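Open the model in your viewer and keep the selection tool at hand. The tour goes from stop to stop, and each stop says what to select and what is there.

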Amino acid sequence: MKKTVSFSKNSSNLFFHILTKCNLNCRHCYINHDQHGDSTLSLPVIESWLSIFAEQSRKANVIFLGGEPTLHPELSLAIKKANQLGYSSITVDTNGFLFHDILSKVTPDEVDYFSFSLDGATKKTNDMIRGEGVYDKCLAGVRDAVSKGFNTSLIFTVSEINIHELSLMPLLLNDLGINRFFIQVIGIRGKTAQSSNDQLQVPRDKWLKTIPLAAAAAASLGLKVTYPKVFLEKDETFECAGLVADNYFVFPNTRVYRCPLCEDYPIHSKTITDNRLIDTDRINEKDVFQLTIPEGCVMNRLIQPDNLIYDKDGKPEYKIACCLLKEEISSG
Ligand code: SF4
Ligand code: SF4
């Protein structure tokens, strides 16, 4: 069963970067210390910020992120607070190192998913991107989590240097006992934006030929697979999540974005001041969301123009979807 997941209008998603510190130095890291700072939020601040977003929406989901969130010594207490506040779901995105013995400090009832990142089906490719020894460590982390009864998912960020291994992922995931598979597309953000040497973005033809097939193969093994739609045909409706969805990308330097593609720029539309979520001065990302262009997403047009192709009359041959628009496929 395949469906395009339209943006949910009845729930909100809090992508909560509780620190920006990380033990790894991945080639495509999207953390931008100039823009996101270097601070680690204290537990009382995490708790009060969780309260702000829980009050704002009765059906909020929280995803704890970093940096590497398990480096935070009080992550387990933050998770317990999120449970007390009634968050609909709680996810921890991790590079697999699972610091501070996190799996022993929380239970499968308290965490909906531990979501691991792996960027290759083999040690060679993954470690070329994420660092020496990371593949083995991540797989050991997944096995530990599965053996303790946690639900696990895996995020694979596709680029030109690892797309050839995507077809190997379904069997690996199945073998590991992972429930959900998130295929991501490499974005020109963070470190990737600063390096002009790598040709990383996958061209449209290759994306369309490869990704849906790999997703279907994973779904046939019983996995729930999500991947970004990326390209829209001319007659498909474009929507900007900044206008129609309720997502908050929160950084420890108090910046709150509604669009992940804006995170490299000081154009966040909200900030947390005195424990209140307040609007920032214009011009900010909200002004971008209002613009209508034939290419679809304005931020993609600005920062990833190589994704677009124009016809001889200068009209785009297709539109770029919001980066938050996903396809979901499962066997059920
Ligand atoms: S694990 Fe995540 S935060 Fe850490 S370096 Fe890699 S991409 Fe960046
Ligand atoms: S990625 Fe584009 S369409 Fe999506 S929220 Fe950002 S600006 Fe809007």
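Predicted model: local features only at pLDDT ≥ 70, side-chain atom pairs only at ≥ 80, totals over all residues.

**Stop 1: ligand 1**

Select ligand 1 and show the residues around it. The shell consists of Cys 22, Leu 24, Asn 25, Cys 26, Cys 29, Ile 31, Gly 66, Gly 67, Glu 68 and Asn 95. Sorted by class, five of these residues are nonpolar, four are polar and one is charged.

Stay with two members of this shell, Gly 66 and Gly 67. Is the peptide bond between Gly 66 and Gly 67 cis or trans? The bond is cis, with omega at about 15°. In general, most peptide bonds are trans. To place Gly 67 in the chain, look at the loop that runs between strand E3 (60-65) and helix H3 (75-84).

**Stop 2: helices H5 and H6**

Next select residues 123-130, which form helix H5, and residues 134-147, which form helix H6. Their axes are 8 Å apart, and the helices pack at an angle of about 105°. H5 is therefore roughly perpendicular to H6.

Now show the side chains where the two helices meet. From H5 come Lys 123, Asn 126, Asp 127 and Arg 130; from H6 come Val 134, Tyr 135 and Asp 136. This contact contains four charged residues, two nonpolar ones and one polar one.

**Stop 3: Leu 176**

Move on to helix H7 (residues 169-176), where Leu 176 is found. Leaving out residues up to four places away in sequence, Leu 176 touches Leu 139, Val 142, Arg 143 and Val 146. Leu 176 counts as partly exposed, because 17 other C-beta atoms lie within 10 Å. For a distance across the model, draw a line from the C-alpha of Leu 176 to that of Leu 308: the two are 37 Å apart in space and 132 residues apart in sequence.

**Stop 4: Ala 219**

Select helix H9 (residues 204-220) and find Ala 219 in it. Is Ala 219 buried or exposed? Ala 219 is buried, because 20 other C-beta atoms lie within 10 Å. Apart from neighbours within four places in sequence, Ala 219 is in contact with Val 225, Ile 329, Ser 330 and Ser 331. Draw another C-alpha line here, from Ala 219 to Glu 328: these residues are 109 apart in sequence and 9.5 Å apart in space.

**Stop 5: ligand 2**

Select ligand 2 and show the 14 residues around it, of which Cys 240, Gly 242, Cys 259, Cys 297 and Cys 322 come nearest. Helix H10 (241-244), helix H11 (285-289) and helix H12 (298-303) are the elements that each give two or more residues to this shell. Which of the elements gives the largest share? The answer is H12, with three residues. By class, the shell has twelve nonpolar residues, two polar ones and no charged ones.

**Stop 6**

Select strand E12 (residues 270-273) and show its side chains.

E12 has a partner in strand E11 (residues 255-257): the two run antiparallel and are joined by two bridges. Val 256 has Lys 270 as its bridge partner in E12. E12 is also joined, by four bridges, to strand E13 (residues 276-279), and this pair runs antiparallel.

**Stop 7**

Go to the hairpin of E12 and E13, where two residues lie between the strands and Asp 274 has a positive phi near 50°. Asn 275, in the loop between E12 and E13, has a positive phi of about 60° without being a glycine. Asn 275 is exposed, because 10 other C-beta atoms lie within 10 Å.

Thr 254 is in the loop between strand E10 (247-250) and E11. Its phi is positive, about 80°, and Thr 254 is not a glycine. With 18 C-beta neighbours inside 10 Å, Thr 254 is partly exposed. As a general rule, most residues other than glycine have a negative phi.

End at the peptide bond from Arg 282 to Ile 283, which is cis with omega near 5°. Ile 283 lies in the loop between E13 and H11.

Note on methods: Residues numbered from 1 in each chain as written. Chains lettered and ligands numbered in written order. Near = placed C-beta within 6 Å. Nonpolar A, V, L, I, M, F, W, Y, C, P; charged D, E, K, R; others polar. Axes fitted to C-alpha atoms, helices over the stretch in contact; angles between N-to-C directions. Parallel < 35°, antiparallel > 145°, perpendicular 65-115°, else oblique. Contact = placed C-beta atoms within 7 Å. Pairing = 2+ DSSP bridges. Buried ≥ 20, exposed ≤ 12 C-beta atoms within 10 Å, placed from the backbone.
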